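Good morning, colleagues. Please bring up the structure, and I shall take you through it part by part.

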Amino acid sequence: MKVKLLESTKDAVNLIYSACRQCYSARFAAEIFRDKKISKKEKGLFIRKIVSSGHESPLEHAKFTFAVEGVSRALTHQLVRHRIASYSQQSQRYVKDESFSYVTPPVFKSDTLLMKEYESCMKMISGCYSKLIRLLEKKGITGESANQDARFILPQGVETKIVITMNCRELIHFFNQRCCTRAQWEIRQLAWCMLRICVKKMPEVFSGIGPKCETLKYCPEGGNFSCGKYPVKKNSGF
Ligand SMILES: Cc1cc2nc3c(=O)[nH]c(=O)nc-3n(C[C@H](O)[C@H](O)[C@H](O)COP(=O)(O)OP(=O)(O)OC[C@H]3O[C@@H](n4cnc5c(N)ncnc54)[C@H](O)[C@@H]3O)c2cc1C
């Protein structure tokens with residue numbers, strides 16, 4: 001999996017700070033934005049105070065755009081359930097998937113028998129895909145018209161590429177859900193990669209962010225599902 005930051009909002013801490021301040025100040029946000037007297041650290045602390053009181057919307061003014069490759073369609077199917085975001089994904093109509101790459105679950109890698117079976121399934125599907133493309137060509141159906149139907153047999157493990165834009169509020173929500181050990185391993189890996197980038201770029205907002213238990217200080221998942229890092233709610237005193 002490769003996760004690269006393409007772009008993030010310039011002067012984001014100042015931007016969020018100015019938006020937060022506008023709510024409580026008689027001054028104009030444009031003036032607050034230009035005011036150099038307050039340090040970035042102070043601005044960060046103010047943002048944290050406001051956000052922890054539940055006033056999260058100022059975080060929506062700043063956003064991050066990531067380019068991701070080497071992930072499966074199984075991952076992106078889960079990812080796009082996060083609706084407050086923008087996505088641009090490699091198309092299986094415009095890009096032919098003959099001899100496609102695929103993601104291998106770690107448990108398969110650690111077992112020769114599983115790995116052999118998995119690889120042979122992928123090889124078989126790849127062969128069937130090519131056969132369908134050839135048969136469609138014989139009927140005069142080529143290019144995207146052929147790809148769009150041949151793809152029906154492709155597996156969820158097929159490798160894909162996607163560009164993701166999320167604002168900071170949505171990113172925190174995404175990390176709360178997907179950094180948790182309850183999340184599926186591949187999307188969890190993506191969430192942690194994105195979080196590390198966000199923390200590096202904007203520690204004022206993202207340090208201390210992670211699965212929701214890190215904020216709640218208890219596990220909301222319940223007895224059988226808790227990883228044990230925090231007590232479950234009924235034992236937590238909350
Ligand atoms: C461990 C785990 C297991 C899961 N298992 C399943 C499963 O088996 N089947 C399944 O279908 N999904 C499953 N999901 C997906 C899950 O149900 C959500 O669809 C997904 O996590 C996106 O979360 P969201 O809707 O909170 O967030 P987003 O779409 O990112 O939205 C962010 C927030 O905006 C608000 N919001 C967004 N849209 C609306 C709306 N239309 N109306 C009101 N408020 C809105 C909500 O407050 C929401 O929390 C699973 C997720 C996790 C983390």
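Predicted model: local features only at pLDDT ≥ 70, side-chain atom pairs only at ≥ 80, totals over all residues.

Asp-11 is exposed, with 12 other C-beta atoms within 10 Å. Asp-11 sits in the loop between strand S1 (2–8) and H1; helices (H or I, at least four residues) and strands (E, at least two) are DSSP runs, numbered from the N terminus. Although Asp-11 is not a glycine, its phi is positive, about 55 degrees. Most residues other than glycine have a negative phi.

Residues are numbered from 1 along each chain as its sequence is written.

Lys-217 is another non-glycine residue with a positive phi, of about 65 degrees. Its place is the loop between helix H11 (213–216) and helix H12 (233–236). Lys-217 is exposed, having 11 other C-beta atoms within 10 Å.

Let us turn to the whole chain. Its secondary structure comes to 12 helices and four strands. Domain bounds, which come from an automatic or database domain assignment, divide the chain into domain 1 (2–87 + 162–207), domain 2 (93–153) and domain 3 (213–238). The C-alpha centres of domain 1 and domain 2 lie 36 Å apart. The chain has a radius of gyration of 23 Å, whereas a compact globule of 238 residues would have one near 18 Å; the radius is taken over C-alpha atoms, and the globule rule is 2.2 Å times the number of residues to the power 0.38. Of the 238 residues, 24% count as buried.

Where are the nonpolar residues gathered? The largest nonpolar core has 32 residues, and Ile-16, Leu-171 and Phe-175 are among those with the most contacts inside it. Such a core is a set of buried Ala, Val, Leu, Ile, Met, Phe, Trp, Tyr and Cys residues joined through C-beta atoms within 7 Å. H9 supplies the largest share of this core, six residues. Leu-190 touches Met-1, Val-3, Val-68, Val-71 and Leu-75, leaving aside residues up to four places away in sequence; contact requires C-beta atoms, placed from the backbone, within 7 Å.

Now consider helix H3. In H3, Lys-43, Ile-47 and Ile-50 are buried. Seen down the axis of H3, the buried residues fall within an arc of 70 degrees, so they line one face of the helix; the arc is that of the directions from the helix axis to the C-beta atoms. These buried residues pack against helix H1 (12–22) and helix H10 (203–206). On the face turned away from the buried side, H3 carries the exposed residues Lys-41, Glu-42, Lys-49 and Ser-52. After H3 comes Gly-54, with a positive phi near 100 degrees.

Finally, helix H6 (residues 112–138) has 27 residues and reaches 39 Å from its first C-alpha to its last, close to the 39 Å expected at 1.5 Å a residue. The expected span is 1.5 Å times one less than the number of residues. Just after H6, Gly-140 takes a positive phi of about 85 degrees.

Terms used: Buried ≥ 20, exposed ≤ 12 C-beta atoms within 10 Å, placed from the backbone. Contact = placed C-beta atoms within 7 Å.
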